[in-house]
Amino acid sequence: MRTVYIACAAKGIPNALLALLILAICIGFRAGSVARVDASAPPCNNYYSDITPPENIGVGLTDPNNRNRVLDAVYPKFKDYVKDVVPNEWYRSDWEMGAYEAGALAVKTFGWYWVNHDRGRTALNGKCYHVVDWTGDQVYVAGSGTPGSPNAHDHALKTAYAVEQTWNWLLRSGGAIYITHHHSGYSTDTCGQLWGSAAPGDDMSQWGSAACAVSYGWPKTTSTYYFPNAAEPGDHIYGQWHATMSRGGTVPFTPVSVSGYTWKPRLFNGCGPPSSPFDYGAAGDIKVVGDWDGNGAASQGVASLHNGFIHWALSNTRGPSSPSYEFDYGSYGDIPVVGDWDGNGTWTVGVYGGNTWLLNNYNAPGPPNITATWGSGSDIPLPGKWVATAAPQPMTIGLVTLDSARGELKWLQRFVNALGGVDREFNWGASSDRPIAGDWQGGGWTQFGPGTVSDYYPPDCGTSSQPNQHWTQKYTSGAGGVDNQFRYEFVRP
Amino acid sequence: MISINRPLIALAGLVAASGVGIGVYLVASSGGDEEVIQQVATPTPSVPLGSPLSSVSPTITADLPPPAAGYVWYVTPSNDLGLLRYAVQVPSLWQLPSGLFYSNPQYFAPEGTGTFGGPAITVAITPVQSVQEEAFRQVLPWQAGSTCVVRAAGQSSGGASSWRLFSFTCPAQESAVCRPTDSGAVECMSEDQAAPVSSFDGRAAEVLVGSFHVSIVAYLPPSGSGADAPFEQAIASFTPR
């Protein structure tokens, strides 16, 4: 039997205190209890979704002097985490926006994967975490992604914009969130080039993504690097899809929001509950709305990625229904767009890839009727009716991009579907807003105006639904104030 | 039997916080054939929670054999996560964690060791449903060692298990990549490929225990030695509990 002796080489300790000390140690030996983690620390192994991003992520804070020691864990909001990682991983401030957008998707998907697949990691204080804050996983610096904050990088405005504008998209393989590794690579990397031992298809060179972004947008970049492993790159996600749609006649376009595959139209441009929600498509589908049969009222449709192509399923019936049109048009790396390209009142399909628009006047497969090179790969495609007239007019191409000097959305509009200059340019909306467009006035006034949807805190509308999505509308295209605003739909931040 | 746990550390912290200088010595007698004296470093109020506190294993129980000369048992505390508990021998002069909490991965190294310095040992327990294989990569830098060169190095029958062995070379900075050359060597170059960058070598061992991958990863010092013996001793002594 072993014996434990405790000898105290202390000066100035009263005997009573010494006795108390030894007694406490003895009690401790008997108790043999195990310290418990701070009860406020959330669990890390209770979340899985391939559709809805987690609300929080556990981040292990490492010792700057030795990154192998994880001292503590914090649990930031997941979107904030992504914003606070991207500028530290895509660390150059002189890259094209498409590189930051590809990085935003890679960072989001990587972090999300480890929330889905908890590795049982715990810090030295017992708190669980999913990822560490350095390059073992992804470099996280709190506040670095918030423009103007003390820790912010000088390109935080760009990276925060990239996170917001790609938030409704995700990268999946076989329908599941997967590991989107990324690393610096070489500054000489060409688009698609990758060094290192990682298997092709689950790794991206940051320098290589910058090379891609010179010519391509994020869909092509992510498809180039993650395509070999990703059966379905670029799925559209869950309940943050927002648009507005015509309900026929001369009434204004009104909101529609989709959570998973539940469509929630709103009859008025104001606070209130959805009207007759219905299910259509699948949660991972890309959502679109348009007047597919030219009857004056819009209905729903979805586009999904299948066998290398974009597969469309459009319904003429607003509500639960079978598709009225099913066909393939476009391919991986393209962003689906819809519009009335020839002004005949029927909305048809198109895609935007790189800086090229391929627009079809029919809801059917076939070569494009209109090909227009206009814009850059990282711009957000947003077509509409831009001319101030009550006469019938086609929908023409438009783009939204970041004015990084002013931290605002910049709208670029073209009045014909053809190569050429910018016919109208103006700033409207904050860089963190997600742009939409629509005919907000109706009444035969067909010009589309700009709009935005953004997160609003706290949720408030005076209704039980407590929406936190803030919608703004401007009746005509051009700089100026907000003509209408309201909150509609709650989306978990 | 020696058992040191939370109350001892807490008490030591209390005494330290009171401003009284004190040194606590533990003398473990095994019946006269050997005697080990180890000093418990006195924690100070400035030491953050979770920092290494002691060079003594936090819990040692009677069912373990005496450690090899120059080593001490480290025994994990229990945890609420259902993770595998284990005991492993690590060099007695290395800095050990307090053992108040189950920390995973668990890192062991001499005091003052830098991030990529060696010698150092990391023991990681990874649920199999999280990582399919080669879970040791998860503790390598650069996102599972994506810029490292990792090679299989056979098997070792350490303890009661058959461990798969690996060796690796990683760049010591993110903006660099290591890759094998035609001659079979490994070169690590900066992102502009203009110059070689510093790198570090390591070894890894992995075995499946129940529903967990057990990974032991060693960072080797530049001399190439110093962690080999602790690495092999960790493999040989690893004991699930």
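These legends accompany several close-up views of a predicted model.

Residues are numbered from 1 along each chain as its sequence is written, while chains are lettered from A and ligands numbered from 1 in the order in which they are written. Because the model is predicted, local features need pLDDT of at least 70 and side-chain atom pairs count only at pLDDT 80 or more, whereas totals for chains, interfaces and linings use all residues.

**View 1. Chain A as a whole.** Let us start with the overall make-up: chain A holds seven helices and 31 strands. Helices (H or I, at least four residues) and strands (E, at least two) are DSSP runs, numbered from the N terminus. Of the 493 residues in chain A, 53% are buried, that is, with 20 or more other C-beta atoms within 10 Å of their own, the C-beta atoms being placed from the backbone. Among contacts in chain A with a separation of 6 or more, 51% link residues 24 or more positions apart; a contact here has C-beta atoms, placed from the backbone, within 7 Å.

View 2. Domain 1 spans 59-236 and domain 2 spans 238-487, with bounds from an automatic or database domain assignment. Their centres, taken over C-alpha atoms, are 28 Å apart. Here 29 residues of domain 1 touch 22 residues of domain 2. On the domain 1 side, α4 (97-116), α5 (156-165), α7 (218-226) and β11 (232-236) each give two or more residues, and α5(A) gives the most, with six. That side has 12 nonpolar, nine polar and eight charged residues; Ala, Val, Leu, Ile, Met, Phe, Trp, Tyr, Cys and Pro count as nonpolar, Asp, Glu, Lys and Arg as charged, and the others, Gly among them, as polar.

**View 3. A hairpin in chain A and its next strand.** Strands β25 (398-403) and β26 (408-413) of chain A run antiparallel, joined by six bridges; strands pair if DSSP finds at least two bridges between them. A:Gly398 faces A:Gln413 across this pair. Four residues lie between the hairpin strands, and A:Gly407 in the turn has a positive phi of about 65°. β26(A) also pairs with β27 (424-430) of chain A, antiparallel over five bridges, with A:Lys410 and A:Asn427 as bridge partners.

**View 4. A three-strand sheet in chain B.** This open, antiparallel sheet has the order β3-β4-β13. β3 (71-75) and β13 (239-240) of chain B stand at the edges with a single partner strand each, so one side of each lacks a neighbour in the sheet. Two bridges join β4 (86-91) to β13(B), and B:Ala87 stands opposite B:Thr239.

Key: Two residues are in contact if their C-beta atoms, placed from the backbone, lie within 7 Å. A residue is buried if 20 or more other C-beta atoms lie within 10 Å of its own, exposed if 12 or fewer, and partly exposed in between; C-beta atoms are placed from the backbone.
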